[in-house]
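This briefing goes through a set of local features, grouped by topic, for a reader who wants to follow them residue by residue. Please keep the sequence and the structure at hand while reading.

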Amino acid sequence: MITSRYVSVNGVTIFVETNNGPREEGVMCCFGSAGRETRQFHGMMDALEDKLEVIAFDMPGHGKSWPLEGLKCLDTPTSYCEFIIDVFKELNIENPICIGCALGGNVCFYLAQHYPVRAIVSMAGTDYSPFVSQAVIDNLDHPYASVQHTHIDFTDSLIGSNVSKENRDFILWGVMTEIGRVKRADYGGVYNGFDVREDMKKITCPALVIRGADDWSESEEMHKPVLERLSNSSHLEYQVLPGISHYNPQEDPELISNVILKFLKDAEA
Amino acid sequence: MTNEEKLQKFKALQELINGPEADEFLNYWDGRFFTGDMTFIMDNVPFNMFFYKGKMIDVFIGQPSNGYNVGISGDAEQWNAFFEHRNFQLATSVKHCDRPFTNLGSALANRQNNAVIAQVARLTAKAFCD
Amino acid sequence: MANITGTYIDVKGIKTYYETNNGPKNPHGTLVCLHTAGREGRQYHGLMEYFADKYTVVAFDMPAHGKSWPLPGLTGIKTKEEYGEFTWAFIQALGIEDPIVVGCSVAGNMVYYLAENYPVRAMVSMQGSPQILAMQTSYGTTVDLLDNPYVSCQHSHWDFSESLIGRYAPKEAHDHIMWGVCQEIGRTKKCDLSLYNNYDVTGDLDKITCPSLLIRGTDDWNVPDHYYETAIKGMVNCPKLEWKKVEGYGHFIAVEAPEIVGELIDNFLNEANA
């Protein structure tokens, strides 16, 4: 059963959810795509209810977390990731399995470089992502362009061919509830400015990199240098999963959960 | 007040919007997104302001050459009532105002620029009365 | 200090999020709080804090709001009948046998309907009315443009929301309310305001037989006195009916002044049950 509460981190009220799974087996922390919130991981929370404690929290300004002073959001990679580490400390999270999707997939690399983690799973993520044009950034939080409409087609194109209607609908609902200034901070600031290539060799934990085969935005070619830079990971796996695309944890949470469990088992054998 | 005197008030408004009120106008009230004509009609006399990315470039008595973009129109009584309470939403409310301002330009354009027009109207009250 | 926790429950097939302050059971009843148009349950955190040691307070996100899932077709509730059915289904799903329904704005309207049609213990209406009919005017176009690709409602609704906040509202409350604008969901807001502005339950006000408290933040230009006068005129069978005006506060009064609202509710319920 998923339950939630509020905690204060650096003076900001943050919304935290847990599946109340067995922490003695391990704690998994989930990091979502740009602009989204904890419900991206509900499917996985349910799937892993008897296996691991799974925690997700809304970053400042997202979901039910309050924004920063001045109604602002974290808009640089370092401030975003360091805030996550502060949340870990507040929640007494040690040795987490960090999993993330898209922006969250990027974040896992930073966390593994700066915090003792048990393992990381990066889905549709990368260590360097200067991919967003200024024209797009400028219109994410603009009175004449509703991001809840402008982003529909882009998002729809990033949902895999084998995804259920229910899961597809909820991914699209995520677009319809986008917050312009949050999206601008996440996508235009954190994601677009993300570059942790130099410190990838610091990552020594097991690392699973997942690509949805239908994801046109993250090609195989883009993942190759990332995998090469993970040269010191104790157990590195790369999996391409058919029928899904960019929003892996929402598209097929049972599949992703099983893939991760097997990865952990193999990595820690 | 003569029309010339009113025009001088709009010039004072220009100083305000481009000066001490600029930061709030541009950043809190979405002024930075607005480029184009904004017209306030007072007792059938149009006062047209042209903005470029939130900076008021020009103001004159007359209609914009390409037709009304956005703005409001009212008679002396309506403007005086607004100058008194300075609540733009009330002054344009068909629900709660017996004689609301008339919108100029399309409903879409006025909706897109609602916050900008509101703040310009309030600063107009400031320029005229304070 | 309230221990506010949340979870999800299935209500009519919709995964619905709700929070509670985990407060003590009070013989007067359980407060079930309903949020304003386009918003969500955090509006009642202040009230949950106020009643931490006195009442169980519950607030849920309506479908398509906050963390609740939308209805099929990715939409929100559009009619008062649907709203009433859903709210009552939530109350029953939680096993609440003594609901006191508390609502503000669109929910301030809806508590009249709930009290007319469901066996609530009491009702509290803030900034509400039993009758608002404005959709056929040009205001209807404004509501329509809430869900339009060329208009970001997170910007177009900015000044309107700002104008509704009372002059005594503290900065923290002001910021919370304005952040609510930043989080607006266009299609959800359109559903809510269509409901709010096409609403008339005056014909059945005499069916209300529970204690009823009406609160008006007087800085709210959008909800004038005559809305309340219409309500009072029709609520002829109400055993205890009170109208409290609160100076200096506005439309989002539960956010702006939770202690004042809490005290009014507390006193009212004590007197009603004396």
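Is B:R99 buried, partly exposed or exposed? With a relative accessible area of 37%, B:R99 is partly exposed, and the value, like every other one below, belongs to a predicted model.

**Salt bridges within one chain**

- Over all chains the count of salt bridges comes to 40, and a few of them are described here.
- The side chain of B:R99 meets that of B:E77 in a salt bridge, with 3.2 Å from N to O. This pair links distant parts of the chain, since B:E77 is in helix 3 (residues 76-85) of chain B while B:R99 is in the loop between helix 4 (88-91) and strand 5 of chain B, 22 residues apart. B:E77 counts as exposed because its relative accessibility is 56%, where exposed means over 50%.
- In chain C, a salt bridge joins C:D266 and C:K54, whose closest N and O atoms are 2.3 Å apart. Here too the pair links distant parts of the chain, 212 residues apart, with C:D266 in helix 11 (residues 258-272) of chain C and C:K54 in the loop between helix 1 (45-50) and strand 4 (57-60) of chain C.
- In chain A, A:K165 forms a salt bridge with A:D169, the closest N and O atoms being 2.7 Å apart. Because A:K165 and A:D169 are four residues apart in helix 7 (residues 165-176) of chain A, about one helical turn separates them. A:K165 itself counts as exposed, at 60% relative accessibility.

**A network that includes residues of chains A and C**

- A:E37, A:R39 and A:D58 are linked with C:K67 in a network of salt bridges.

- Strand 4 (residues 70-74) of chain B is largely enclosed by the rest of the structure, because five of its five residues are buried.
- In a regular strand, side chains alternate between the two faces of the sheet. From strand 4 of chain B, B:V70, B:I72 and B:G74 point one way and B:G71 and B:S73 the other way, and all are buried.
- Strand 1 (residues 36-42) of chain B runs parallel to strand 4 of chain B, and five bridges join the two. B:G74 in strand 4 of chain B is the bridge partner of B:M42.
- Strand 5 (residues 102-105) of chain B runs antiparallel to strand 4 of chain B and is joined to it by four bridges. In this pairing B:S73 stands opposite B:T102 of strand 5 of chain B.

**Surface patches**

- B:F50, B:Y52 and B:I57 make a nonpolar surface patch of about 290 Å². Of these residues, B:F50 is found in strand 2 (residues 45-52) of chain B and counts as partly exposed, at 32% relative accessibility.
- A negative surface patch is formed in chain A by A:D46, A:E49, A:D50 and A:E254. One of its members, A:D46, lies in helix 1 (residues 42-47) of chain A and is partly exposed, with a relative accessible area of 45%.

Terms used: Residues are numbered from 1 along each chain as its sequence is written. Chains are lettered from A and ligands numbered from 1 in the order in which they are written. This is a predicted model: local features need pLDDT of at least 70, side-chain atom pairs count only at pLDDT 80 or more; totals for chains, interfaces and linings use all residues. Side-chain values use heavy atoms; hydrogens and water are left out. Patches are made of residues with over 30% relative accessible area and no salt bridge: like charges are joined within 9 Å, nonpolar side chains (Val, Leu, Ile, Met, Phe, Trp, Tyr) within 5 Å. Accessible areas come from the Shrake-Rupley method with a 1.4 Å probe; for residues, only the protein chains shown count as cover. A salt bridge is a side-chain nitrogen of Lys or Arg within 4 Å of a carboxyl oxygen of Asp or Glu. Buried means under 20% relative accessible area, exposed over 50%, partly exposed in between (1.4 Å probe, protein chains only). Lys and Arg count as positive and Asp and Glu as negative; His and the chain ends are not counted. The place of a charge is taken as NZ of Lys, CZ of Arg, CG of Asp or CD of Glu. Two strands pair if DSSP finds at least two bridges between them.
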